[in-house]
Every structure is written in structure tokens, then in C-alpha cells.
Amino acid sequence: MQKIVTNIWYTDGAAQAAAEFYTSLFDDGRITGSIPFVEDAHGEPGTAMVVNFELAGQQFTGINGDDSAKHDHAMSLLVNCDGQDEIDRLWDAFLANGGKEIECGWIADKWGVNWQVWSTEAERYVGGPDKAGAERAVKAMYGMKKIDLQGLKDAYEGA
């Protein structure tokens, strides 16, 4: 059992749809269970109140609630991608499904949940040992929405 599980609040009964979308993005993604609303609860009896799912070995809980809570990128789900191809695939999927680009690798999905689509390769440039190169890479990153690894590398190397 995972000790700490990220709980994501959804409005308009979207937890099931969100979990289905997220699990489609990751090879090992899967819905692990759900709990329906019951009579006299805050939702339609029989529809999902809670949806449990896993992404990349991490457990999540989606809960259908009211619209009193809003998402912002002060709390986001960081995906460490294996390279530009995975960055592009995830970014394009979020965007095509109603997402909104933010900056520096952040994107909000159609439900307002914020993701940072990142790569540890980018850390070699924005946190690299060459201070001037790292500063150039950080400045380049500030101008990006989707992370462009080649752009970060070029900035780091002064190309």
C-alpha cells in the first residue's frame, strides 16, 4: 500500500472520464476501483463518487465534488519523460483533449489539473555546472510553453 496518495478533486462528475484519459496515456495505467454515490449523498446514486487509479506505479484517487475547489499550477503532477518524443506525445495528448498551455513545461488538462511535462535531461541544462550556460538555459525555458530539449541544450552550450 502506498502511504501517501494524491487525491484530485473534480467537478461535474468528471473523475471517471479523467481517470480513463490519464490511464490511456501511460502503458501501465489502470483504474483500480471505484466507490459509487449512495442515496442522500452529494451526487447521483450509482455514479462514481471516488475513482482509484494508478499511473506509472503511483496511486491516485479522483473524487467528484462540488465547484468549491479550483486547481492551479502551484500544485502539479510532474511527469519525468524519457526524452523529447515522450514530452511531445503527452503534451499533444493533453492539449488535444482540451488542455491549456501554461509555461515552462506546465499544461492544464481539460479538468484544470496541472501537469509539468518535464525530462531529467532538461536538468542537465538548467542546473548544469556551467553557471553561464545554466542561466542561458533557464532564460530559454522561461520563453517556452512545452519543453524543447534541443532548445535548452543549445542555450546551455551558447549555440
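Which residue in the hairpin of β3 and β4 takes a positive phi?

The model is predicted: local features require pLDDT of at least 70, side-chain atom pairs count only at pLDDT 80 or more, and totals for chains, interfaces and linings use all residues. Residues are numbered from 1 along each chain as its sequence is written, and side-chain values use heavy atoms, with hydrogens and water left out.

**View 1. The hairpin of β3 and β4.** Ala56 takes a positive phi near 50° in this hairpin, which has 2 residues between the strands. Strands are DSSP runs (E, at least two residues), numbered from the N terminus. β3 and strand β4 (residues 58–64) pair in the antiparallel sense over 6 bridges; pairing requires that DSSP finds at least two bridges between two strands. Val51 stands opposite Gly62 in β4.

**View 2. Strand β3 and its pairing with β2.** Strand β2 (residues 30–36) runs antiparallel to β3, and 6 bridges join them. Pro36 has Ala48 as its bridge partner in β3. Of the 8 residues of strand β3 (residues 48–55), 6 are buried, so the strand is largely enclosed by the rest of the structure. Buried means under 20% relative accessible area (1.4 Å probe, protein chains only).

**View 3. The open sheet of 4 strands.** The strand order is β5-β8-β7-β6, with mixed pairing. β5 (77–81) and β6 (100–101) are the edge strands, each pairing on one side only.

**View 4. Strands β7 and β8.** Strand β7 (residues 106–108) and strand β8 (residues 114–119) run antiparallel and are joined by 3 bridges. Trp106 stands opposite Gln116 in β8.

Terms used
Buried < 20%, exposed > 50% of the residue type's maximum accessible area, 1.4 Å probe, protein only.
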